[in-house]
Structures are given as C-alpha cells and as structure tokens.
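Reader: I have a structure open and a few questions about how its side chains pack and pair. Can we go through it?

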Amino acid sequence: MSSFADQVAAQIPSYTRMISGCHDTQTSADANITAFELPNPAGRRGGACTAALLQVLYNKSGGESWVDVLRQMRENLAEGGYTQVPQLSSSKIIDVNEEMTIVDNPSGTKRAVLIGINYVGQNGELSGCHNDAENIKKYLIGELGFHEGDMRILMDDGAHQAPTYANIMAAFDWIVRVSQPECFVDTSYSSCHSNLNMYDETLIPVDFQRAGQIRDDDLLKHLVKPMSAGVTMTCLMDCCHSGTVLDLPYRFIADGDHVAMEENEGFNINDWMDMAQTVMAAAAAAHVAGEAADIVADCCTIL
C-alpha cells in the first residue's frame with residue numbers, strides 16, 4: 001500500500017501552500033494599514049493579515065525561515081491588538097526552519113489571481129479588500145518581478161472584472177490552464193468566508209445571493225488538484241475561518257507552541273479523495289444564500 005504522502009502526491013502534483021490569517025474558529029480583521037508601515041499603501045483600510053505579511057516581506061533581510069515569517073506576522077498583529085494566529089498549510093511537508101520563498105527561480109514564469117470583494121452597495125459593505133488586492137499586486141510586481149499582464153484581478157470596483165462566482169471559477173481554471181512546470185503562481189483572496197453545515201469552508205462571491213457560495217470542494221477540483229506537476233503555488237487567504245479552506249493535508253500553526261509542520265488534525269484521505277460527494281438539494285440552496293447574506297451583513301462589525 002502506498003504511503004500517505006504518495007497518495008497525496010498522486011492527487012496534488014503541484015507544490016501548493018497556503019498562508020491564512022487565522023484558525024477556522026477565528027474571524028479576520030480590518031485594519032488601518034498605515035500602522036503597518038507599508039510603502040505607500042493603496043488606501044488606509046485593509047486586511048490585518050495581508051498587512052502583517054507584507055510588512056514582514058518588505059522588511060526581510062534575507063534568509064528568514066517560514067517560522068520566522070509567520071511568528072513575526074503574529075507579533076505584528078499582536079502589536080495592533082489583533083489575536084489572529086497565522087497558519088501555513090501545504091500539500092507537502094515543509095521544513096519550517098528553511099528559508100521562506102515565494103519565487104525560487106527569478107527567471108521562471110510568474111502568474112497570479114488576485115481577488116478583493118468589498119460587496120459594494122450591499123448590506124455590510126467592506127472597505128479594505130480592494131486595497132489588499134492592490135497592495136499584493138504592488139508587491140508582486142515591484143519585488144518579485146510579476147507582470148500585470150500575467151494576472152487576473154477581480155474586484156467589485158467597476159474598473160476590474162467583477163468577482164462573481166462564474167468569474168472567480170473561470171480565473172482559477174485559467175491559471176491552471178496556463179501554468180506549466182517551473183511556473184510560480186500566487187493567488188490571494190480578501191473578502192468574506194463562511195463555514196457551511198460545519199463541514200465545508202466556503203468563499204462568498206459578490207453575487208452569492210444568486211449564484212451561491214464557492215465550496216472548498218470546488219477549490220480542490222478547479223484550483224488545487226489540476227495544477228500541473230512542477231508548479232509552485234502560494235495562496236494567501238485573508239478572510240474569516242480560513243485555516244483549512246484548501247483542505248491541504250499538512251499545517252503549521254504559529255502559536256508559539258508548534259515547532260514543525262504536522263498532519264492536519266481531522267484530515268481524512270479517503271473523504272478528501274472522494275470528489276463525488278453528494279451536494280445539497282436545490283431546496284437548501286436558498287437557505288445557503290440567505291445564510292451567506294447574514295455573514296456578509298455581519299462583516300461590517302467583524303472586519
């Protein structure tokens with residue numbers, strides 16, 4: 001019988017890792033990002049997780065490990081009064097004491113999908129998610145050599161492609177299709193996020209009331225599993241309850257107690273490999289949409 005790692009590798013050929021701003025049980029937080037001393041931040045509001053990570057990345061002197069970066073993120077958050085605990089999850093075991101890198105080969109092809117949803121005009125409209133997408137774009141272009149022409153940027157600002165359910169899924173399908181070995185992929189999502197039925201994590205697109213939510217199963221099917229071998233993908237999820245949204249098998253929690261990456265507690269390889277799970281009946285979809293509306297409305301007090 002093949003090992004657990006071999007089974008995972010057969011399902012996820014790429015090297016996929018995700019930085020999330022909090023545990024599944026925690027909410028994300030909005031911040032006055034000028035307090036994080038970012039270079040010319042695109043606006044005064046933004047996600048605390050995104051701001052804390054960018055502050056660390058801009059101030060890196062070289063050689064900082066994954067654990068260094070994540071723990072410094074937590075310190076930056078704590079200084080601002082935020083209790084969030086950053087997490088790193090991955091499709092492979094990472095030695096968290098090794099140098100943290102997003103792009104290992106500067107000459108490699110680099111692509112990105114950046115999503116920021118403020119739910120403009122809706123109950124519970126947010127104020128910082130567009131800024132997060134713009135600040136991530138600025139870092140990728142200015143520091144890592146990405147090109148805007150190799151990015152898909154989705155924001156509900158009237159100037160970019162709208163972050164609808166269909167457009168988000170199409171962006172994921174696009175980046176999988178165009179990314180080949182030796183390609184470095186960056187995806188970021190700043191918006192609202194939900195737990196559905198205590199099992200599925202979901203992203204909430206701008207048209208959730210009509211189109212529904214994007215389940216973690218959809219992310220596995222359209223983004224994680226089909227990504228080609230040889231591609232390195234780094235995801236940033238700055239949203240509530242986001243610790244396991246990609247359902248990756250390994251994780252490291254920067255809480256000061258954990259010292260190494262471990263198998264994700266509660267991860268079931270058999271359940272995870274079964275992509276033919278029964279979906280909710282159509283009658284329940286209306287309830288889900290209503291539940292998402294409540295979550296978005298609550299974001300004005302949470303974020």
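Reader: How many salt bridges does the count come to?
Author: The count comes to 4 salt bridges, a salt bridge being a side-chain nitrogen of Lys or Arg within 4 Å of a carboxyl oxygen of Asp or Glu. This is a predicted model, in which local features need pLDDT of at least 70 and side-chain atom pairs count only at pLDDT 80 or more, while totals for chains, interfaces and linings use all residues. Residues are numbered from 1 along each chain as its sequence is written, and side-chain values use heavy atoms, with hydrogens and water left out.

Reader: Which side chain meets Asp150 in a salt bridge?
Author: Arg111 does, at 3.3 Å from N to O. Asp150 sits in the loop between α4 (129-144) and β6 (151-155) and Arg111 in strand β5, so the pair ties together parts that are 39 residues apart in sequence. Helices (H or I, at least four residues) and strands (E, at least two) are DSSP runs, numbered from the N terminus.

Reader: Arg111, buried or exposed?
Author: Arg111 counts as buried, at 17% relative accessibility. Buried means under 20% relative accessible area, exposed over 50%, and partly exposed in between (1.4 Å probe, protein chains only). Asp150 is partly exposed at 23%.

Reader: And what does Arg210 pair with?
Author: Arg210 and Asp207 form a salt bridge through their side chains, 2.8 Å from N to O. Arg210 is exposed, with a relative accessible area of 69%, whereas Asp207 is buried at 13%.

Reader: Which residues do shared partners join into one network?
Author: Glu134, Lys137 and Glu148. Within helix α4, Lys137 and Glu134 are 3 residues apart, about one helical turn, and their closest N and O atoms are 3.3 Å apart.

Reader: Switching to the nonpolar side. How many residues are in the largest core?
Author: The largest nonpolar core has 37 residues. Such a core is a set of buried Ala, Val, Leu, Ile, Met, Phe, Trp, Tyr and Cys residues joined through side-chain atoms within 4.5 Å. Those with the most contacts inside this one include Ile115, Phe172 and Tyr189.

Reader: Which element gives the largest share?
Author: α5, with 7 residues of this core. Among the others that each supply at least two are β5 (109-116) and β7 (183-190).

Reader: What is Tyr189 in contact with?
Author: Leaving aside neighbours within four places in sequence, the contacts of Tyr189 (heavy atoms within 4.5 Å) include Ile115, Leu203, Met237 and Cys239.
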